[in-house]
Amino acid sequence: DLFIEQIPNKNIQDLINLGINLAIVLLFGYLAWKQPPFVSNLIRDVKRRTLTIGEEVIVWVVGIWLFVYSAIIKDYLVSTTTFNVVVYVSILNCICAAVIIAYVINSNYRDFYYKKNEHLQKSLISAMAELVENRDENTGGHIQRTSRYVEIIARKLQQQGKYADILTDKYIEDMVIAAPLHDIGKIHIPDSILNKPGKLDTEEFATMKTHSAAGGTIISHIESNTGEIAYLKVAREMAEYHHERMDGKGYPHGLAGNDIPLCARILAVADVFDAVSSKRCYKEAFSLDKSFDIIEEEMGSHFDEDVARAFLDSRKEVEDCFHII
C-alpha cells in the first residue's frame, strides 16, 4: 500500500490506460483471427444499422461522455482524486464501451434477420408473379421487362430532378420489388378470357378489367396480415391504378392527373410499351419505332408527360433491355 501511494496518480492512470488498450488490441486481434459469426455479420453489415431510438440515445450519451472524459475529466481526476476513484472511473468507461459494442452487435443481428426476411419476401413475390404469368400464355418475360423499364424511367426522372420529394433511392427500390405484382389480380380471370386467341368482346373485356381492382384487394389483404411494409403499399397502388389515364378515361376508378400515384403512372408507360412491343396470341408485335411512337402520341392523355418523356429519353437503355430479356 505504501508503495502504491508513492506512485503519482498520472503514472497509475497511464499504466491502466496502457493495459486497457493492450487488452482491446489483443481482443480485436483474436476476433479478427477467429472470425466468429457475429464478427462476420458486423463486417458485412457495417454500413447499415437498425438501432432503436432508445439505443441511439444511449450510444450518443455514452460516446459524448467518453469524449468529454478523455478531453477534460481524465486529467482533472488524476490530479485531484485518489487512486481508487481513477480505477473505478476507468472500469466504468470500459463498461460504457462494452455497452456500445453490445448495442451495435445486437442491431447487426436484427439487421441480419431483417435481410433474411426481406430476401424471403422478395422470393415469395417473384413466385406469386411467376404463378400469374405462367397462367397467361401471352406474357412471357413481361414482369421482368416491365420491372426493368420502371427502374429505367424512375432513375431518369431522378437524374432530371423530377418528383424529388418522392423518388428517393428507397422508393425506387420498392417500385422495382413491387412491379412484378401489378397483374396479380389476373389470378381471378378465367383462362378462357386470359388466353383467348382473339379480340375480347364487351363482356369479356369488362371481366378482364376487373383484374386491377382485384389486384389491389389481394395486396390489401396481405398488408392487413403483415403490417405496414413500404413496398406492399407501392405494390397495391401499382396493381390497382396502372390502367388509370391522365385524362380520367382509365379504369377502375377513373382517376386523372396527379390523383394517380406516381408509381402507377410510371408502370403505365412500362406496361403499355411492353404490351405493344411484344407478340401476343391475339396480335403481332409492333416494331420498336411504332411502340415508341405510341408512347409519344399518348403523352398528356394516357401518360404523364414527364414520365413518358423520361422513358423516351432512355430509349437506348430500353432497347438494350428489350433485346436481352
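Trainee: Helix 6 passes helix 7. Is that crossing left-handed or right-handed?
Mentor: Right-handed. For the term, a near helix turned clockwise from the far one by less than a right angle is right-handed, anticlockwise left-handed. Bear in mind that this is a predicted model, where local features need pLDDT of at least 70, side-chain atom pairs need 80 or more, and totals for chains, interfaces and linings use all residues. Numbering starts from 1 along each chain as its sequence is written, and side-chain values use heavy atoms, without hydrogens or water.

Trainee: What angle do helix 6 and helix 7 pack at?
Mentor: About 165°, with axes 9 Å apart. Helix 6 covers residues 142-159 and helix 7 covers 169-178. Helices are DSSP runs (H or I, at least four residues), numbered from the N terminus. Axes are fitted to C-alpha atoms over the stretch in contact, with angles from 0 to 180 degrees between N-to-C directions.

Trainee: So how do helix 6 and helix 7 run relative to each other?
Mentor: Helix 6 and helix 7 are therefore roughly antiparallel. The cut-offs: under 35 degrees roughly parallel, over 145 roughly antiparallel, 65 to 115 roughly perpendicular, the rest oblique.

Trainee: Which residues make the contact?
Mentor: Helix 6 gives Ser147, Val150, Glu151, Ala154, Arg155 and Gln158. Helix 7 gives Asp169, Ile172, Met175 and Val176. Contact means heavy atoms within 4.5 Å. By class, the contact of helix 6 with helix 7 has five nonpolar, two polar and three charged residues. Nonpolar is Ala, Val, Leu, Ile, Met, Phe, Trp, Tyr, Cys and Pro; charged is Asp, Glu, Lys and Arg; the others, Gly among them, are polar.

Trainee: And helix 6 against helix 13, what angle there?
Mentor: Roughly 105°, and the axes come within 9 Å. That makes helix 6 roughly perpendicular to helix 13. Tyr149, Ile153, Lys156 and Leu157 of helix 6 meet Asp306, Val307, Ala310, Phe311 and Asp313 of helix 13. The tally is six nonpolar, no polar and three charged.

Trainee: How does helix 11 cross helix 13?
Mentor: At roughly 45°, with axes coming within 9 Å. That makes helix 11 oblique to helix 13. Leu262, Arg265, Ile266, Val269 and Phe273 of helix 11 contact Val307, Ala308 and Phe311 of helix 13. Seven are nonpolar, none polar and one charged.

Trainee: New topic. Where is tyrosine 163, and what is its phi?
Mentor: Tyrosine 163 is in the loop between helix 6 and helix 7. Its phi is near 50°, a positive value in a residue other than glycine. Most residues other than glycine have a negative phi, and most peptide bonds are trans.

Trainee: Is the bond from tyrosine 251 to proline 252 cis or trans?
Mentor: Cis, with omega near 10°. Proline 252 is in the loop between helix 10 (230-241) and helix 11 (262-277).

Trainee: How many cavities of 30 Å³ or more turn up?
Mentor: Two, in a search of the whole structure. A cavity is a set of points on a 1 Å grid where a 1.4 Å probe fits but cannot get out; lining residues have an atom within 4 Å of a point.

Trainee: What lines the second largest cavity?
Mentor: Among others, Glu244, Arg245, Met246, His302, Phe303 and Asp304. The lining has five nonpolar, one polar and four charged residues.

Key:
Helix = DSSP H or I, 4+ residues; strand = E, 2+ residues; numbered from the N terminus. 1 Å grid on protein atoms, 1.4 Å probe; cavity = no way out; pocket = protein on both sides within 12 Å on 5 of 7 lines; lining within 4 Å. Points joined across faces, edges and corners; volume = space filled by probe spheres on them.
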